[in-house]
Amino acid sequence: MLLLLVFPAVTVLNWDAISSGDTALKDGKAQWNVLLVVNCGGWGNVPLEESPDIFPIVKGVAGYLDSCGLRPGVAVYQRAVPEDLSAHCPVIKGQISVLGEMLGFHRQRVNRFVQEIESVARRYPEQKFILIGLSNGATFANQTVEAFSPAVVSQVFSIEIGIPFWRRVVMTENNLILTNGGADPLWRGAVEELFTSLLKGLKDFFWRQIGGAGGSFEEVWHIHGHDYRWEKVAPAVRVFIDRRIVGSASESP
């Protein structure tokens with residue numbers, strides 16, 4: 001399910017209208033040159049505006065595309081959609097299903113996601129798509145790299161941020177992988193560092209619950225080195241966009 005958000009200088013799109021073909025075109029073309037499709041970290045169901053780890057990066061990418069004279073649109077893909085969830089235990093069933101996908105036990109959501117993107121890409125062959133994923137969302141985006149058909153593969157790019165170490169990573173000229181220069185412990189599999197941060201997160205989460213502060217475990221579990229600031233990743237992202245997207249997108253008829 002794709003949810004569309006409003007950003008400064010970014011065209012607001014209605015995904016249902018686009019996917020059904022019932023959308024207003026300008027001079028026979030879609031309203032956007034490049035569609036950013038965002039996969040947040042964790043379970044992939046946190047609103048983008050409440051995700052300070054990826055929200056600034058998405059805004060930065062959209063702003064740069066806009067400064068290049070392109071027309072970016074932004075969409076969020078929720079990996080655990082409501083219809084997948086059980087009425088009796090929605091959170092647990094949804095998380096187990098997403099976890100199975102992350103560990104490679106099945107590719108249900110990846111295949112569905114690829115089909116949705118391809119249906120729009122075939123309708124608008126001059127448009128580009130940039131998948132932006134963080135952590136588990138980056139793993140999800142990377143799993144799609146080999147799944148797109150040859151007919152649309154030249155339209156789809158991805159920016160994958162902090163992919164966890166337990167999955168095989170696919171690298172092509174169309175996907176940019178950011179690892180904080182290899183310093184991200186989740187990327188390099190620094191088990192001892194990750195275990196220490198996990199224990200600290202559990203302790204902090206426990207005391208928050210005892211103190212009545214509430215909140216989710218994701219809010220208190222922090223992995224040092226797994227933070228990606230737009231100012232730091234911007235140079236690599238801009239070079240990638242310049243080389244792979246700006247020229248071909250701006251020259252589209």
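1. Strand E3, spanning residues 72-77, is mostly covered, with six of its six residues buried. This description, like those that follow, refers to a predicted model. In a regular strand, side chains alternate between the two faces of the sheet. In E3 both faces are covered: Pro72, Val74 and Val76 are buried on one side, and Gly73, Ala75 and Tyr77 are buried on the other.

2. Strand E2 (residues 34-39) runs parallel to E3, and five bridges join the two. Within this pairing, valine 34 stands opposite proline 72 of E3. Valine 34 also lies 9.5 Å from glutamate 126, C-alpha to C-alpha, although 92 residues separate them in sequence.

3. Glutamate 126 itself is placed in the loop between helix H4 (108-123) and strand E4 (128-134). Its relative accessibility is 18%, and because buried means under 20%, glutamate 126 counts as buried. The side chain of glutamate 126 makes a polar contact of 2.7 Å with that of glutamine 127.

4. Most residues other than glycine have a negative phi. Serine 135, which is not a glycine, has a positive phi of about 55°; serine 135 sits in the loop between E4 and helix H5 (136-144) and is buried at 10% relative accessibility. Asparagine 180 likewise has a positive phi, near 60°. Asparagine 180 belongs to the loop between strand E6 (175-178) and helix H6 (185-188), and its relative accessible area of 16% makes it buried.

5. Four salt bridges are found in a search of the whole structure. One of them joins the side chains of glutamate 118 and arginine 122, at 3.2 Å from N to O. These residues are four apart in helix H4, so about one helical turn separates them. Glutamate 118 is buried, with a relative accessible area of 9%.

6. Another salt bridge links the side chains of glutamate 173 and arginine 244, at 3.4 Å from N to O. Because glutamate 173 lies in the loop between strand E5 (156-161) and E6, and arginine 244 in helix H9 (residues 230-250), the pair ties together parts that are 71 residues apart in sequence. Glutamate 173 is exposed at 59% relative accessible area, whereas arginine 244 is partly exposed at 26%.

7. A salt bridge also forms between glutamate 231 and arginine 229, with the closest N and O atoms 3.6 Å apart. Glutamate 231 is exposed, with a relative accessible area of 55%, and arginine 229 is exposed at 53%.

Definitions and conventions:
Residues numbered from 1 in each chain as written. Predicted model: local features only at pLDDT ≥ 70, side-chain atom pairs only at ≥ 80, totals over all residues. Heavy atoms only, no water. Buried < 20%, exposed > 50% of the residue type's maximum accessible area, 1.4 Å probe, protein only. Polar contact = N/O pair within 3.5 Å; in protein donor to acceptor, adjacent residues only side chain to side chain. Pairing = 2+ DSSP bridges.
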